[in-house]
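Let's take a walk through a protein model together. Keep the picture beside you and look up each residue as we reach it.

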Amino acid sequence: MTGVTGATGASGATGARGNAGQVGATGVTGATGATGAPGIPGVQGVRGATGATGATGARGIAGQVGATGVTGATGATGAPGIPGVQGVRGATGATGATGARGIAGQAGATGVTGATGATGATGAMGVTGATGATGATGATGPNVATEGFSVFLPAFSTAASTQLTGWTVTSPFYSSAAFDEATGNYTIPESGRYSFEATINYSTTAAITASLGTGVNPVFVVRRTSPTVTDLVTGMFPLLNINVAFVLTLRTILGNGTVTLSGEFELAAGDVIGLFYEADGLTIPLQLGGSSSGSVWSVHRLT
């Protein structure tokens, strides 16, 4: 029969956790006994009341982590060992077979040309060769035709633009029936090519007191006045143009000088030609020519 279950005792207070004990050796398992015959079931006893649960004990304080130990000092480096004795050099091996010829490299850059050598001595003069055959006569060059004039202007005063007039033909100068010495007009007598030349000497008759403006450029001109006005050739006065910063700025003609004109032109019969002075704003009086030098103008028809 099952005995009566006793009342459950009250739970004791939870004790502090002890150190874990060592695991004991496993005991020898005993032999299993023979199963006995079942007993007669007893009357079940009354379950006793459950005892009150005891209070939970306080958790113990965790221990502090220990400090890291100091790193030990590095030991001193040991002294170098004594070098070993150099071994004996082995015998030279046999020369290997010659390798195949490599690919030819690119040609190098051309070197600098060397200095020219000294000129050799002149050789002896060779025998004079036979005179060659006379070459064909060349084409005849242009000749000055009988038509034309060369005239002289001894003196001519002006302070404004004008045609040069009053030419003389005293020897060695000469005139043409187509040239009017008084007016200075030359009427082309026959269509063709004409050559013009003029040399005009000049001098100023008053002191230059002011600088010329940049647009003032006096000139002498060989001009066709009929049937249309055309400037054939122009000659500028020699100019002095000085600009020294903070000291002097000056642009003016020279006190005396010479202007030369020349050219060749294809003209038609009846064209009227003259020689002109264009002041272009210059107001200084000029003496053209003069008794000692004068001015010369000539025109000729070319064949």
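A salt bridge is a side-chain nitrogen of Lys or Arg within 4 Å of a carboxyl oxygen of Asp or Glu. Before we use that idea, note that this is a predicted model, in which local features need pLDDT of at least 70 and side-chain atom pairs count only at pLDDT 80 or more, while totals for chains, interfaces and linings use all residues. Residues are numbered from 1 along each chain as its sequence is written, and side-chain values use heavy atoms, with hydrogens and water left out.

Now find Asp271 and Arg224, which form a salt bridge whose closest N and O atoms are 3.2 Å apart. Asp271 sits in the loop between β11 and β12 while Arg224 belongs to strand β7, so this pair ties together parts that are 47 residues apart in sequence. (Strands are DSSP runs of E with at least two residues, and helices are runs of H or I with at least four, numbered from the N terminus.) Both Asp271 and Arg224 are buried; here buried means under 20% relative accessible area, exposed means over 50%, and partly exposed is in between, using a 1.4 Å probe and protein chains only.

How many salt bridges does a search of the whole structure find? It finds five. In one of them, the side chains of Arg223 and Asp231 meet at 2.6 Å, N to O. Arg223 is buried, at 12% relative accessible area, whereas Asp231 is partly exposed, at 44%. Another salt bridge joins Glu266 and Arg193 (3.6 Å, N to O). Because Glu266 lies in strand β11 and Arg193 in strand β6, the pair ties together parts that are 73 residues apart in sequence. Glu266 is exposed, with a relative accessible area of 56%, and Arg193 is partly exposed at 46%.

Let's turn to the nonpolar side chains. In soluble globular proteins, nonpolar side chains tend to be buried together. A nonpolar core is a set of buried Ala, Val, Leu, Ile, Met, Phe, Trp, Tyr and Cys residues joined through side-chain atoms within 4.5 Å. The largest one here has 37 residues, and Phe196, Val222 and Trp297 have the most contacts inside it. Several strands each supply at least two of its residues, among them β1 (144–153), β7 (219–226) and β14 (295–302). Strand β6 gives the most to this core, with five residues.

For a last stop, visit Ala177, in the loop between β3 (162–163) and β4 (179–180). Ala177 is exposed, with a relative accessible area of 88%.
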